Amino acid sequence: SPLASTARTSFALAAVTTNSLDFVILNTPAVDLLSSLTEEGVWRSFRGGILRRWHAHGELVADLMRIVTPKCHPLRVPRERVLLIEARYDTLVPAWQTEALWEAWGRPPRVRYGQGHITNFALNGGRILQVSCRFIRSVQ
């Protein structure tokens, strides 16, 4: 059952929970929500109330978030059947998240574009589609 995704943690989690996928394409995957909410400036206005509640339960929250953090789990899809697409200047899903997943999963194929979260799709949409199609053909 083929699966392709655009920036969905749930699809990254599918790659660590099942080995029945033919391939996985993750476009700017958000793989560490806790870090995004606690460290990334773009979330500053959203995070205040949440962080106050989370800090009261520190380690418990961190342990629970690890359950839904794909980089904390071994990849079950063969590494060569995973394509990561990274937007270098993404402020919503920073490039370090894609890089962390790339390292944790044993460096599967990766494409990097010098754009932000939205501009990556707007300016590279055609190239991303071409790269994705080539990748799918290569794993069939």
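This is a predicted model: local features need pLDDT of at least 70, side-chain atom pairs count only at pLDDT 80 or more; totals for chains, interfaces and linings use all residues.
**Notebook: confidence, cores, cysteines**

pLDDT is the predictor's confidence in each residue, from 0 to 100; helices (H or I, at least four residues) and strands (E, at least two) are DSSP runs, numbered from the N terminus.

Residues are numbered from 1 along each chain as its sequence is written, and side-chain values use heavy atoms, with hydrogens and water left out.

The protein chain has a mean pLDDT of 76, with 70% of its residues at 70 or more. Over residues 1-8 pLDDT stays under 50, and there the model has 23 contacts (heavy atoms within 4.5 Å) beyond four places in sequence.

Next I looked up nonpolar cores, meaning sets of buried Ala, Val, Leu, Ile, Met, Phe, Trp, Tyr and Cys residues joined through side-chain atoms within 4.5 Å. Buried is under 20% relative accessible area, exposed over 50%, partly exposed in between (1.4 Å probe, protein chains only). The largest core has 16 residues, and Leu-26, Val-77 and Trp-105 have the most contacts inside it. Helix H1 (9-17), strand S2 (24-27), strand S3 (82-87) and helix H5 (95-104) each give it two or more residues. H1 gives the most, 5 residues.

I then checked Val-77: leaving aside neighbours within four places in sequence, it touches Ala-15, Thr-18, Leu-21, Val-24 and Val-82. A second, separate core has 10 residues, including Val-111 and Phe-135.

Last, cysteines: Cys-72 is partly exposed at 38% relative accessible area, and Cys-133 is also partly exposed, at 32%.
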